[in-house]
Amino acid sequence: MQAATSWDLKFRSTNLTASTARSTNAMSKRVNFLCGYRSKRFSFRNGVSVSRTDWQSSCAILASKVASVEDPGGLADKIAVVNGHKNSSVDLSLVHVETTNGKLSQVQPLTITDLSPAPLHGSNLRVAYQGVPGAYSEAAAGKAYPNCEAIPCDQFDVAFQAVELWIADRAVLPVENSLGGSIHRNYDLLLRHRLHIVGEVQIPVHHCLLALPGVRTDCVSRVISHPQALAQTERSLDNLTPRAAREAFHDTAAAAEYIAANNLHDTAAVASARAAELYNLQILADGIQDDTGNVTRFLMLAREPIIPRTDRPFKTSIVFAAQEHKGTSVLFKVLSAFAFRNISLTKIESRPHHNRPLRVVGDGSFGTAKNFEYMFYVDFEASMAETRAQNALSEVQEYTSFLRVLGSYPMDMTPWSMSPTEDA
Ligand SMILES: O=C(O)C(=O)C[C@]1(C(=O)O)C=C[C@@H](O)C=C1
């Protein structure tokens, strides 16, 4: 192996799981984590910590530390193509390369940098995302916070908790896709947790069909991926693998990793080109999303809100519940509060009202009807620093029993490019 080059990459991988983010005291967790790590009393499977009772209340974390990676065959060039997009603005220094010459590297001991407190600013921001390296959410974290330390989490909920417990500074989570629609789980979690939306990023999602080297497409009997990714490639898969069963997986990159780790010759994954690189899979088909306009919108979440401004386009996200017995006219009134002030809405989503899911109506003469109650999520194009937005919300408050501003944040105005071909 050559001596370290300028392409030696210093990567860290901290993988949060549900059990590791369960405690309420961030500081004690951090300490427990460090002790747990040092004592090496827990074991690992596929680079993921296996929970132990004496470790369950501690904060985290598997850390696979510094991996020195030489640059065989132009790694720099290879990872400049992320998600199939050559000119991607995604900064790759966040990437968790755990492999050295294709093999998983050994877990390394902690160094002094592990003991430094969470930075609030700058490039060392710790950003939690759901998935494993190679997931689109990781690319979103890199676009949102170049040079950040991306922290993989096994569930959305864990990413929220990681920020609440000061293990991470930000979470970056998908909320909707232009083809697949809303990721409802994250809407519900936004309400359950007290984090603030501080930004949004949109990522063009360029899917590939991946399999072990040598596997032919007609030998694939099962395709695994994140349900959203399967939905976004439905028609392509009908053509490419018409007889293959489709199975949901936690995230796209985890599906790729699973095939590689289990040497599955009959299974393919829908995932990114970067996942193919990371897990040594071949690309059977490239650009298999059913429409080139396949974009996922991610939200950045923090413990504190940002101060809204008026010098650039801002978006504000709110959630509200209608006053009881006011019926559907409430929604009309709320929407008109924005319309009369020329505030455009970019999104409206309804979710079950978990505290009050049903409303019984009718006086009994014809029986009673059970109407469902909803929480409405609305995104509108204005900053909370604008008087028109403040006035609109004070009007909305009159019609609602519950109103929360989830965040007022800069809109992602990245110039549009749909595919790698168009980038070139
Ligand atoms: O599985 C991944 O790679 C993810 O980042 C998750 C996710 C999603 O939740 O929608 C993100 C973007 C794509 O739309 C497909 C999947």
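User: Where does the ligand sit?

Analyst: On a 1 Å grid over the protein atoms alone, a cavity is a set of points where a 1.4 Å probe fits but cannot get out. A molecule sits in one if more than half of its atoms lie within 2 Å of its grid points. In this predicted model, the ligand sits in the largest cavity. Residues are numbered from 1 along each chain, local features need pLDDT of at least 70, and side-chain atom pairs count only at pLDDT 80 or more, while totals for chains, interfaces and linings use all residues. Side-chain values use heavy atoms, with hydrogens and water left out.

User: Which residues come nearest to the ligand?

Analyst: A residue is near a molecule if one of its heavy atoms lies within 4 Å of it. Around the ligand there are 13 residues, of which Tyr 136, Ser 137, Gln 232, Thr 252 and Thr 296 come nearest.

User: Which polar side-chain atom lies 2.8 Å from an oxygen atom of the ligand?

Analyst: A polar contact is a pair of N or O atoms within 3.5 Å. The atom in question belongs to Thr 296. An N or O atom in the side chain of Thr 252 is 2.4 Å from a ligand oxygen, and a polar backbone atom of Tyr 136 is 2.9 Å from a ligand oxygen.

Key:
A polar contact is a pair of N or O atoms within 3.5 Å; within protein, one must be able to donate a hydrogen and the other to accept it, and residues adjacent in sequence count only if both atoms are side-chain atoms. On a 1 Å grid over the protein atoms alone, a cavity is a set of points where a 1.4 Å probe fits but cannot get out, and a pocket is an open set with protein on both sides within 12 Å along at least five of seven lines; lining residues have an atom within 4 Å of a point.
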